[in-house]
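Thanks for making the time this morning.

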Amino acid sequence: MIIRLQFFPQTLIPLHSTLSAVKNPNPSPNCTKQSQLLDGFRNSLSPHPNTPISDSGLRFRQKLLYIENLKVNSSKALHKNPNFRSAPLDTVKSVEKCLCSMGIQRSALGRILDMHPQLLTSDPYNDLYPVFDFLFNEVHIPFPDIQKSIIRCPRLLLCSVDDQLRPTFYFLKKLGFAGPHAITCQNTLLLVSSVEDTLVPKLEYLQSLGFSYKEVVKMVVRSPGLLTFSIEKNFQPKVEYFLDEMKGDLAELKRFPQYFSFSLEGKIKPRHRLLAEHGFSLPLPDMLKVSDGEFNLRLIEMRLQLADERYLDCVSENQDGNKWRHDLTRR
C-alpha cells in the first residue's frame with residue numbers, strides 16, 4: 001500500500017492588509033504604536049529621514065530582514081538566486097512552512113537556506129514535496145527520518161526526482177543496497193551522485209587496484225562512504241602511501257575499507273610514523289580506530305614490553321656468558 005503525503009496550503013495575510021490596518025483613520029492605541037514603529041522603520045531605511053520610502057522598497061527590505069532573521073546571508077542570496085529579488089515574502093514563508101512541516105527546526109532551516117539560496121524561491125508543491133514523497137514511498141525512509149536526510153544532505157531538495165534521484169536509487173539497489181543494506185537516512189546523500197560521472201568511475205578505480213567486481217561491491221555496501229570520496233584527493237594518495245610507505249597488502253584494505261575514511265595527514269601518517277620509528281606495526285583497525293589517548297597508551301605499552309624483552313635477552317646472554325666462563329675455569 002502506497003501512502004501519499006498530502007499537504008494543504010495555509011492562508012497568508014497579505015502585506016497590504018497589514019499596512020491598511022496601520023493606516024486606519026481611527027486607530028486604536030495599539031495601532032497608533034504600530035504606526036509609530038512603522039514610521040520609524042521607514043525613516044531608518046531612508047537615506048534622508050524625511051523622505052518616505054515606497055511600499056515596494058519597504059517590502060523588499062522587510063524580506064531581507066526576514067531571511068537575515070533566519071540566519072541567511074541576504075547578499076549571498078541575492079547573488080546566487082537572482083529570482084529572490086522580485087519574489088514576494090510569501091514565497092519565502094511558504095518554503096519555510098513546508099520545511100518546518102517535515103520536522104526541520106528553524107536553526108537547521110536557516111543553515112539549509114543559507115547553503116542553498118535557490119530554495120528561497122522554490123515551489124513547495126512542485127519542487128519540495130515530490131522529494132519528500134519519493135523518500136517516504138519509494139526509498140522507504142521513515143517519516144521522522146526524512147528531516148535527518150535533508151539536514152545531512154540539503155542538495156536532495158535541489159534534485160529532480162525523475163532525472164536524478166530515482167535513476168540513482170535504482171542503480172544503488174541493483175548494486176546491493178537492498179534488504180539489510182537498504183538506503184537509510186545515514187546515506188541518502190548517495191542519491192545526489194551522478195551514476196555515470198561519479199559512482200561508476202569510483203567502482204572502476206577500486207577494481208583497477210586489483211579487486212574483483214564482487215569484492216568492490218562488498219566493500220562499498222559495507223562502507224557506503226567509499227562512494228562519496230574523491231579519487232584524486234582521497235583514494236589515490238592513500239593507496240600510494242599504504243603501498244609505498246606502509247608496505248601494506250591490498251587484502252588488508254579489502255578487510256578494512258574504512259581506511260579511506262581516516263585523514264591521511266591528520267591520522268594515518270602520524271600514527272604509522274610513530275610505529276615505524278620504534279620498529280612496530282599494527283593492523284589497520286588497531287592503528288586507526290582507537291582514540292589518540294588509547295593509541296599513545298598502546299604505544300607506551302609496546303615500548304615497555306620491548307624494553308622488558310631486551311632486558312630478559314640481556315640477562316639470558318649474561319647467564320650464558322657466565323656459564324661458559326665457569327666451564328672454562330673448571331677445565
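Predicted model: local features only at pLDDT ≥ 70, side-chain atom pairs only at ≥ 80, totals over all residues.

Let me begin with helix α10, which runs over residues 195-208 and reaches 18 Å from its first C-alpha to its last, close to the 20 Å expected for its 14 residues. The helix carries a kink of about 25°, and that kink is centred on Pro-201. At the N-terminal end, the cap is Ser-194, with a side-chain oxygen 3.1 Å from the backbone nitrogen of Asp-197. After the helix comes Gly-210, where phi is positive, near 120°.

Which residues of α10 are buried? They are Val-195, Leu-199, Lys-202, Leu-203, Tyr-205 and Leu-206, and I would point out that a lysine is listed there along with the leucines. These buried residues pack against α9 (161-175), α11 (213-222) and α12 (231-244).

How many disulfides does a search of the whole structure find? The search finds zero. For Cys-98, the closest cysteine sulfur belongs to Cys-100 and is 9.2 Å away, which is too far for a bond. Cys-153 is likewise in no disulfide, and the nearest cysteine sulfur to it, that of Cys-159, is 7.1 Å away. Cys-98 counts as buried, at 1% relative accessibility, and Cys-153 is buried as well, with a relative accessible area of 7%.

That brings me to the aromatic rings, of which the structure holds 11 pairs. One of them joins Tyr-129 and Phe-132 edge-to-face, at 6.1 Å centre to centre and with 65° between the planes. These two are three residues apart in helix α7 (residues 124-137), so about one helical turn separates them. Tyr-129 counts as buried at 10% relative accessibility, and Phe-132 does at 0%.

Another edge-to-face pair is made by Phe-235 and Phe-260, with 5.0 Å between centres and 75° between the planes. Phe-235 lies in helix α12, whereas Phe-260 sits in the loop between α13 (250-255) and α14 (264-277), so this pair ties together parts that are 25 residues apart in sequence. Both of these phenylalanines, Phe-235 and Phe-260, are buried.

To finish, let me return to the helix where I started.

Terms used. Residues numbered from 1 in each chain as written. Heavy atoms only, no water. Helix = DSSP H or I, 4+ residues; strand = E, 2+ residues; numbered from the N terminus. Expected span 1.5 Å × (residues − 1). Bend = angle between axes of the 7 residues up to and from the residue. Buried < 20%, exposed > 50% of the residue type's maximum accessible area, 1.4 Å probe, protein only. Contact = heavy atoms within 4.5 Å. Polar contact = N/O pair within 3.5 Å; in protein donor to acceptor, adjacent residues only side chain to side chain. Disulfide = S-S within 2.5 Å. Phe/Tyr/Trp six-rings, centres within 6.5 Å; stacked < 30°, edge-to-face > 60°.
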